[in-house]
Amino acid sequence: MASEKGVMLLDFWVSPFGQRVRIALAEKGVEYEHKEENLRDKSELLLKSNPIHKKIPVLIHDGKPVCESLIIVQYIDETWSDKAPLLLPSDPYQRAQARFWADFVDKKVFECGSKLWKLKGVEQEAAQKEMIEILQILEAQLGDKKYFGGDIFGFVDVAFVPFTSLFYSYETCANFSVEEVAPKIVQWAKRCMERESVEKTLPDPKKAYEFVCYLMKIRN
């Protein structure tokens, strides 16, 4: 059985990437020390632990840092493989598919979502259309399944669900309704929120929006 001694997470409350790691740790029942970072004045520990990207989240396990949220979630799944649930499927093809869709979320949702509040006018309209297309692609992949992997909450759900707390921000900034364009995604998000690991991790959408407004204010 893997040791839980010396598990620390360097994180920031509103980060969907940090939330992924917190959800994975909660699903596995792993106890850890949570260290909230000041991203405008990064700690020496963060800079030492992630000298390449200098970003959160970083999981430190027995003094060894693991960086990048999806890599951390896989590390958690493998390190505490004796603890249910397994987030990645055991079947190699299904595991590859889960990694593909988690990577799709990584590359598409965050970047496009940031455009919705950073851009104005025609550029924002283009970003809105892109976001709607992304959500509809993910909805098609979800289909009529309970979770992205079927009946079991897994890797793609962990990767995507933190962004649902930003849906209100996306809708408010870009004037569209996620429920209108991707109703199955909204229903999936509600199912995920019934899980204690998700409900206790995701911030209130309006608090997340307040942070987005703060970012817009300092940016302007």
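Before the structure itself, one definition: a residue is buried under 20% relative accessible area, exposed over 50%, and partly exposed in between. What we have here is a predicted model.

Take Tyr 214 as the example. Its relative accessible area is 35%, so Tyr 214 is partly exposed.

Now helix α4. It runs over residues 92–118, 27 residues in total, and spans 39 Å from its first C-alpha to its last, close to the 39 Å expected. Among the buried residues of α4 are Trp 101, Phe 104, Val 109 and Trp 117. The helices that the buried residues of α4 pack against include α1, α5 and α11.

On to the rings. The structure has 16 aromatic pairs. In one of them, the ring centres of Phe 110 and Phe 163 are 6.4 Å apart and the planes meet at 55°, so this pair is tilted. Phe 110 belongs to α4 and Phe 163 to the loop between α6 and α7, so the pair ties together parts 53 residues apart in sequence. Are these two residues buried, or exposed to some degree? Phe 163 is buried, at 0% relative accessible area, while Phe 110, at 35%, counts as partly exposed.

Last item: ring pairs also join Phe 148, Phe 160, Phe 167, Tyr 170 and Trp 188 into a cluster.

How values were computed:
Residues numbered from 1 in each chain as written. Predicted model: local features only at pLDDT ≥ 70, side-chain atom pairs only at ≥ 80, totals over all residues. Heavy atoms only, no water. Helix = DSSP H or I, 4+ residues; strand = E, 2+ residues; numbered from the N terminus. Expected span 1.5 Å × (residues − 1). Buried < 20%, exposed > 50% of the residue type's maximum accessible area, 1.4 Å probe, protein only. Contact = heavy atoms within 4.5 Å. Phe/Tyr/Trp six-rings, centres within 6.5 Å; stacked < 30°, edge-to-face > 60°.
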